[in-house]
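Subject: Structure handover

Hello,

Here is the structure I promised to pass on. Please have a look at it first, then read my notes below.

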Amino acid sequence: MFGVIRRRVANGGLSSSSSSILRQSLQTVRPASSSTSRVSDESLTHARGFEHVRKFSCLVSPRGRAISSRPVREVVSNMELASSKKTWSRPFSSDTGDLVDAVVPFMGESITDGTLAKFLKNPGDSVEVDEAIAQIETDKVTIDVASPEAGVIKEYIAKEGDTVEPGARIAVISKSGEGVAHVAPSENISKKAAPKQSASQTKDEEKQKPKVEASPVPEKPKTPATPPPKRSATEPQLPPKERERRVPMTRLRKRVATRLKDSQNTFAMLTTFNEVDMTNLMKLRSDYKDAFVEKHGVKLGLMSGFIKAAVSGLQNQPIINAVIDGDDIIYRDYVDISIAVGTPKGLVVPVIRNAAKMNFAEIEKEINTLAKKANDGTISIDEMAGGSFTISNGGVYGSLLSTPIINPPQSAILGMHSIVSRPMVVGGNVVPRPMMYIALTYDHRLIDGREAVFFLRRIKDVVEDPRRLLLDI
């Protein structure tokens, strides 16, 4: 179109019909919203050479005011760019006809990237809408990449172990499944990387290679092999490298390691201990376990009793629930209890919100829900954010005594341990009692030993006599 205009200008100008054609074309490229835009006839009819047309770039409104001074090519290119932006602005897939891209979803406010841990499907496998095809491991949780459409996985674009960001392409899904072969992910990627070489090229290379006659190689005189140096008696015998395995750390494990070391470097940690007679709490659970399950649909455990005791202790000693922020102390008027849960992938700490307002049944249901999500790897960032105090139960693994590490930015952590029957003096008589050691690690910069001991004493009093919770004494 513009080539025709240039030729006609070089021959002596433009006719009125040519200007009307050009005006119609420009109106198609940039339509007016309220009033029909027209091309300035003056710049067309008075054109005296190529330079005028080359600089022609102005669309004029009916009132004579220019509404755009950009070249037409720029207008067209901007329209194409805008359309491409609309295509890529979809949050979870980019649709290009039969092929759909599966992309990394949004992973949370504080998470900027993750590691592609593993593929759950192979190229050629059929997938349904929202079916997980890959898992991305972040510093806190594992996130699934879901298929945006039903179809067949054509290929994987990323590889296991790659660092990916939200919006990055992971796989290509074919809606129809035409021309898709079933191969393993590693095989598919290796086929892409390896260059294909035809049989004719191989034959031509063989012909071009000159034949070299093999000449006899003179034999070198054999020298006696020197025996290996003998090790001294004091030199350590290191195990061979074949008996060792080097495995990269997961992002979750690296994050846990960093936070725990930062906790040691930041807090002035001190641990105080006490022991608790579990007789009355265990009897309470034994007497009402069947009725509790029948009414609430969940078993009555010991953790709910310790959480209620911890809430009572935090209300009596609010400094345990506080935290240092610069030169200030922040007192929290709420109680969010974090529960340390060990999973096959690492340690996670889900939070029970507003534990002070919950009863035993609500606490047990919340614990079961969060623990199941943690073990399945489906727990979210929001369910682990915050928390004002942590309880870690090492007794489920048989731990007798430990000194737990504070979970920043909190100021204290309670450690529970295994229940062991030990001889105790009760009423002047030695009797066997189920005993548990409890430990409180606290930040000595903020919490004095007096408050820490009083807190543990409150835990001991409530657990040994749960009726105190009922009477609030």
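Leaving aside its neighbours within four places in sequence, which residues is Glu-137 in contact with? The list is Gly-114, Thr-115, Ala-117, Thr-142, Thr-250, Arg-251 and Leu-252. Please keep in mind that this is a predicted model.

Some more on Glu-137. It lies in strand 8, residues 132-137. Its relative accessible area is 11%, so Glu-137 is buried. Arg-251 also meets this side chain through its backbone: the nitrogen there lies 3.1 Å from a polar atom of the Glu-137 side chain.

Now the overall picture. The chain has 473 residues, and buried ones make up 36% of them. Its secondary structure comes to 13 helices and 23 strands. Take the contacts between residues at least 6 apart in sequence: 62% of these join residues at least 24 apart. The chain exposes about 29,600 Å². Carbon and sulfur atoms supply 53% of that area.

The largest nonpolar core has 68 residues. Which residues have the most contacts inside it? They are Ile-133, Ile-170, Ile-307, Phe-389 and Ile-391. Helix 10, residues 303-316, gives the most to this core, with seven residues.

Ile-133 is worth a click. Leaving aside neighbours within four places in sequence, Ile-133 is in contact with residues including Ala-102, Phe-119, Leu-120, Val-127 and Val-145. Further partners of Ile-133 include Ile-153, Tyr-156, Ala-171 and Ile-173. Lys-121 and Ser-147 are also among its contacts.

On to charged pairs. The structure holds 13 salt bridges. Here are some of them.

- Arg-433 pairs with Asp-277, with the closest N and O atoms 3.7 Å apart. Arg-433 lies in strand 23 (residues 429-443) and Asp-277 in strand 13 (residues 269-277), so this pair ties together parts that are 156 residues apart in sequence. Asp-277 has 15% relative accessibility; because the cut-off for buried is under 20%, Asp-277 counts as buried.

- Glu-464 pairs with Lys-460, and here the closest N and O atoms are 2.8 Å apart. Both residues lie in helix 12, residues 449-464. They are four residues apart, about one turn of the helix. Lys-460 counts as buried, at 17% relative accessibility.

- Arg-450 pairs with Glu-451, with 3.5 Å between the closest N and O atoms. Glu-451, at 17%, counts as buried.

Last, the surface. Which residues form a nonpolar patch there? Phe-273, Leu-400 and Leu-401 do, with about 270 Å² of accessible area together. Leu-401 is found in the loop between strand 20 (389-393) and strand 21 (412-416). At 47% relative accessibility, Leu-401 counts as partly exposed.

Go on to Ile-133 and the 68-residue core. Then look at the bridge between Arg-433 and Asp-277.

Best wishes

Note on methods:
Residues are numbered from 1 along each chain as its sequence is written. This is a predicted model: local features need pLDDT of at least 70, side-chain atom pairs count only at pLDDT 80 or more; totals for chains, interfaces and linings use all residues. Side-chain values use heavy atoms; hydrogens and water are left out. A salt bridge is a side-chain nitrogen of Lys or Arg within 4 Å of a carboxyl oxygen of Asp or Glu. Helices (H or I, at least four residues) and strands (E, at least two) are DSSP runs, numbered from the N terminus. Buried means under 20% relative accessible area, exposed over 50%, partly exposed in between (1.4 Å probe, protein chains only). A nonpolar core is a set of buried Ala, Val, Leu, Ile, Met, Phe, Trp, Tyr and Cys residues joined through side-chain atoms within 4.5 Å. Contact means heavy atoms within 4.5 Å. Patches are made of residues with over 30% relative accessible area and no salt bridge: like charges are joined within 9 Å, nonpolar side chains (Val, Leu, Ile, Met, Phe, Trp, Tyr) within 5 Å. Accessible areas come from the Shrake-Rupley method with a 1.4 Å probe; for residues, only the protein chains shown count as cover. A polar contact is a pair of N or O atoms within 3.5 Å; within protein, one must be able to donate a hydrogen and the other to accept it, and residues adjacent in sequence count only if both atoms are side-chain atoms.
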